Amino acid sequence: MAGMRRAGLTDEGDTETSSASEGTPLSEAADVGLVRAVLLLGGVPWGELDDGVQQVRLKLLETQARRTGERIRKRQAWLSVVASRVAVDWHRARDRDAGLHDRLAARWEQRPPGERFEDDRLLALAVADGLEGLPAVQRQILALRFYTDLPVREIARLLHIPEGTVKSRLHTAVAAIGARLREMEVI
């Protein structure tokens with residue numbers, strides 16, 4: 001027990017422990033405001049803040065569901081650390097997907113001259129632009145299904161999610177890319 005107290009896993013004698021850590025996750029306005037501020041300071045764009053708050057809320061729910069005896073001792077510190085990690089993950093995903101347009105254009109140039117049609121090239125570039133505007137989860141599922149031709153079962157295995165979730169995300173992603181291409185007046 002003393003080792004757990006030193007590690008900060010129990011709340012004995014700690015006046016900063018929030019009983020809300022066992023209650024409703026991330027519902028207090030102060031908690032949401034703190035998370036949004038950390039995400040914003042971490043460079044997450046304004047339009048992506050709600051997604052970041054949801055990711056922090058999910059991590060809080062997962063932590064509470066583990067039932068390992070651990071308790072969140074200093075809720076605001078915990079929320080700040082998790083929000084900053086979400087911001088770092090957002091930057092990593094953005095960097096990983098950066099240049100999608102350039103990579104597709106470069107692949108286009110590698111095709112034999114007889115297979116290149118200007119309309120196909122413009123459509124490929126428009127699709128790349130449309131993909132760049134989608135959330136990372138939607139880009140990922142579209143790339144795995146249509147660019148690497150993986151079946152739904154294999155995608156589910158790779159992402160450690162149910163096949164139904166893959167199908168649902170794929171349906172949503174296809175609808176979103178279709179809407180983006182209509183906005184761009186490509187289709």
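This is a predicted model: local features need pLDDT of at least 70, side-chain atom pairs count only at pLDDT 80 or more; totals for chains, interfaces and linings use all residues.
**Overall make-up**

The protein chain contains nine helices and zero strands. Along the sequence its pattern is α-α-α-α-α-α-α-α-α. Of the 187 residues in the protein chain, 29% are buried. When contacts between residues at least 6 apart in sequence are taken, 63% of them join residues at least 24 apart.

**Helix α9 and its two partners**

Helix α9 spans residues 163-183 and packs against helix α7, residues 136-147. It also packs against α8. The geometry of the two pairs is set out below.

| Helix pair | Angle | Axis separation |
|---|---|---|
| α7 and α9 | about 100 degrees | 9 Å |
| α8 and α9 | about 105 degrees | 8 Å |

Angles of 65 to 115 degrees count as roughly perpendicular. The angle of about 100 degrees between α7 and α9 therefore makes α7 roughly perpendicular to α9. On the α7 side, the contact is made by Val137, Gln138, Ile141, Leu142, Arg145 and Phe146. On the α9 side, the residues are Val166, Arg169, Leu170, Thr172, Ala173, Val174, Ala176 and Ile177. Sorted by class, the contact of α7 with α9 has 10 nonpolar, two polar and two charged residues.

The pair α8 and α9, at about 105 degrees, is therefore roughly perpendicular as well. Here Val152, Arg153, Ile155 and Ala156 of α8 meet Glu163, Val166 and Lys167 of α9. The contact of α8 with α9 divides into four nonpolar, no polar and three charged residues. Val166 of α9 takes part in the contact with α7 and in the contact with α8.

**The two sides of helix α8**

Helix α8 covers residues 152-159. Its buried residues are Val152, Ile155 and Ala156. These lie on the same side of α8, because they cover an arc of only 100 degrees around the axis. In general, an α-helix has 3.6 residues a turn, so residues three or four places apart point the same way. On the other side of α8, Arg153 and Arg157 are exposed. The cover over the buried residues of α8 includes α7 and α9.

Just after α8, His160 has a positive phi of about 60 degrees. Most residues other than glycine have a negative phi. His160 is a residue other than glycine with a positive value. His160 sits in the loop between α8 and α9. Is His160 buried or exposed? The cut-off for exposed is over 50% relative accessible area, and His160, with a relative accessibility of 73%, therefore counts as exposed.

Leu181 belongs to helix α9. Buried means under 20% relative accessible area; Leu181 has 8% and is therefore buried. Residues up to four places away in sequence aside, Leu181 touches Ala126, Val127, Val186 and Ile187. The C-alpha atom of Leu181 is 8.9 Å from that of Asp129, a residue 52 places away along the chain.

Gly52 lies in helix α3, which runs over residues 49-65. With a relative accessible area of 5%, Gly52 is also buried. Which residues does Gly52 contact, leaving aside its neighbours within four places in sequence? Gly52 is in contact with Leu39 and Val86. From C-alpha to C-alpha, Gly52 and Ala83 are 7.4 Å apart in space, and they are 31 residues apart in sequence.

How values were computed. Residues are numbered from 1 along each chain as its sequence is written. Side-chain values use heavy atoms; hydrogens and water are left out. Helices (H or I, at least four residues) and strands (E, at least two) are DSSP runs, numbered from the N terminus. Buried means under 20% relative accessible area, exposed over 50%, partly exposed in between (1.4 Å probe, protein chains only). Contact means heavy atoms within 4.5 Å. Axes are lines fitted to C-alpha atoms, for helices over the stretch in contact, and angles run from 0 to 180 degrees between N-to-C directions. Angles under 35 degrees count as roughly parallel, over 145 as roughly antiparallel, 65 to 115 as roughly perpendicular and the rest as oblique. Ala, Val, Leu, Ile, Met, Phe, Trp, Tyr, Cys and Pro count as nonpolar, Asp, Glu, Lys and Arg as charged, and the others, Gly among them, as polar. The arc is that of the directions from the helix axis to the C-beta atoms.
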